[in-house]
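Biologist: Before I use any labels from this model, I want to hear what each one rests on. Can we go through them one at a time?

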Amino acid sequence: MISARYLLLPILCSAHLCASDLDWPEFRGPTGQGMVAAKSLPLNWTEETNVRWKTAIHGRAWSSPVIDGNRIWLSSANEKGTELFALCVDAEKGKIIHDLKLFDVENPQYAHPFNSYASPTPVLEPGRVYVTFGSPGTSALDSETGKMLWERRDLQCNHFRGAGSSPILYHDLLIMNFDGSDFQYVIALDKKTGQTVWKTNRSIDFQDLTPEGKPQADGDFRKAFSTPVVHNFGEGPILISHGSKAVYAYEPDTGKELWHVEERRMHSGSGRPSVGLGMIFVSMGHSKSELWAIKPGGSGNVTTSHVVWKLRKNVPTRSSPVLFGDLLFMVDDGGIASCVEAKTGNVVWNERIGGEYSAAPIAGAGRVYFFDQDGRTTVIEAGREFKVLAKNQLSDGFMSSPAVTRNSLILRTKTNLYRID
């Protein structure tokens, strides 16, 4: 039998980054997949035990923390979305190093009460942190001093329910999805200057009809919240980007569309695509989500030829699956956890663990961690038999996905940031 350690190697080294396990530079970690390289992770904690520090974070924001060495960065916003912030926290002591108001917004767009005005997660590289709030503003900061190096406030998009897609770095590019009710596009900025390098509009026409035969003009059918990922499947890197009703592949250097798959019944994609074993795994849609396994390649619309399998039950709409070896682990919005064979789509087990979920799970040290909206973390064994190893409770809920530094968990609840040892 091949060790799971070796099965993970293709996942841990994506096209754009093979990062140290000391850092968590973007949404869902070094490869954007929720995989943890640490050999051990905390198993049990409460508000009183195994908490190195707890730091209150002002405002209301669902962005996840990112980590570069001993510094943790995260974004925040006030309740009305008129003030947008970036914060830097010392990873050892929990002390706030920088609390920077980046933008004032005179007339914020509407954000659904379930969302926040600071939901996109920043992305880091040595010496710099890039923070976006979607259309209200994007900026690059010096991660040592907090000085703003450039800003963009001219990227048009009516997010309709609030922004959610996080930025990624690829070589010298900062790449972002903008999927709103009015404009839907992917854009790459020069990370050094903030200037536009390329911009590609979504190719799907959105001209679907309601059951009554009327055009679906409502922005709900056009918006999306997913974060892209770059991966090399053996023939060069591709940018995988989930919009509304479709998943696209682009050349990351030029923005040229290579192929796409579409499902007209599905809209408002949120979870970040997972990649591995030569396939892409995506939770399609919002109200009736399906998990699709997609074989990369081809050109144009490859829906009929490149969708390997579909799973229609107990699929999350907001969270993302995590691939551990040859198994996919996920939890749906209502608390049913699943283990699925990645190559076939066969369900190994479904079990109700309770709670409601928005945060993406992580997997490492032979375990999978699920974080619910009431502050509970359920830890299970990452295997073909369902086994709960621990249940841990904090005083407030998780909307943000976790981060990891060394062997510690960095957890953001609705009100506080924790380091769990």
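Biologist: What is the strand order in the open sheet of 4 strands?

Modeller: The model is predicted. In it, the order is β18-β19-β20-β22, and the pairing is antiparallel. From one strand to the next, the twist averages 20 degrees.

Biologist: Why do β18 and β22 stand at the edges?

Modeller: β18 (274-276) and β22 (307-311) each have a single partner strand, so one side of each is left without a neighbour in the sheet.

Biologist: How do you know that β20 and β22 are joined?

Modeller: A pair needs at least two bridges. Strand β20 (residues 290-294) has 4 bridges to β22, so the pair meets the criterion. Ala 293 stands opposite Trp 309 in β22.

Biologist: Why does Cys 157 count as buried?

Modeller: Buried means under 20% relative accessible area. Cys 157 has 4% relative accessibility, so Cys 157 counts as buried. Cys 157 lies in the loop between β9 (148-152) and β10 (168-170). Leaving aside neighbours within four places in sequence, its contacts include Gln 109, Ser 135 and Phe 183.

Biologist: What classes of residue make up the lining of the largest cavity?

Modeller: That lining has 9 nonpolar, 5 polar and no charged residues. Gly is counted as polar. About 100 Å³ of space lies in the largest cavity, and Tyr 117, Phe 133, Pro 136, Gly 162 and Ala 163 lie nearest its centre.

Biologist: Which strand gives the largest share of the lining of the second largest cavity?

Modeller: Strand β11 (residues 173-179) does, with 4 residues. The lining of the second largest cavity has 5 nonpolar, 6 polar and 1 charged residues.

Terms used. Residues are numbered from 1 along each chain as its sequence is written. This is a predicted model: local features need pLDDT of at least 70, side-chain atom pairs count only at pLDDT 80 or more; totals for chains, interfaces and linings use all residues. Side-chain values use heavy atoms; hydrogens and water are left out. Helices (H or I, at least four residues) and strands (E, at least two) are DSSP runs, numbered from the N terminus. Buried means under 20% relative accessible area, exposed over 50%, partly exposed in between (1.4 Å probe, protein chains only). Contact means heavy atoms within 4.5 Å. Axes are lines fitted to C-alpha atoms, for helices over the stretch in contact, and angles run from 0 to 180 degrees between N-to-C directions. On a 1 Å grid over the protein atoms alone, a cavity is a set of points where a 1.4 Å probe fits but cannot get out, and a pocket is an open set with protein on both sides within 12 Å along at least five of seven lines; lining residues have an atom within 4 Å of a point. Grid points are joined across faces, edges and corners, and a volume is the space filled by probe spheres set on the points.
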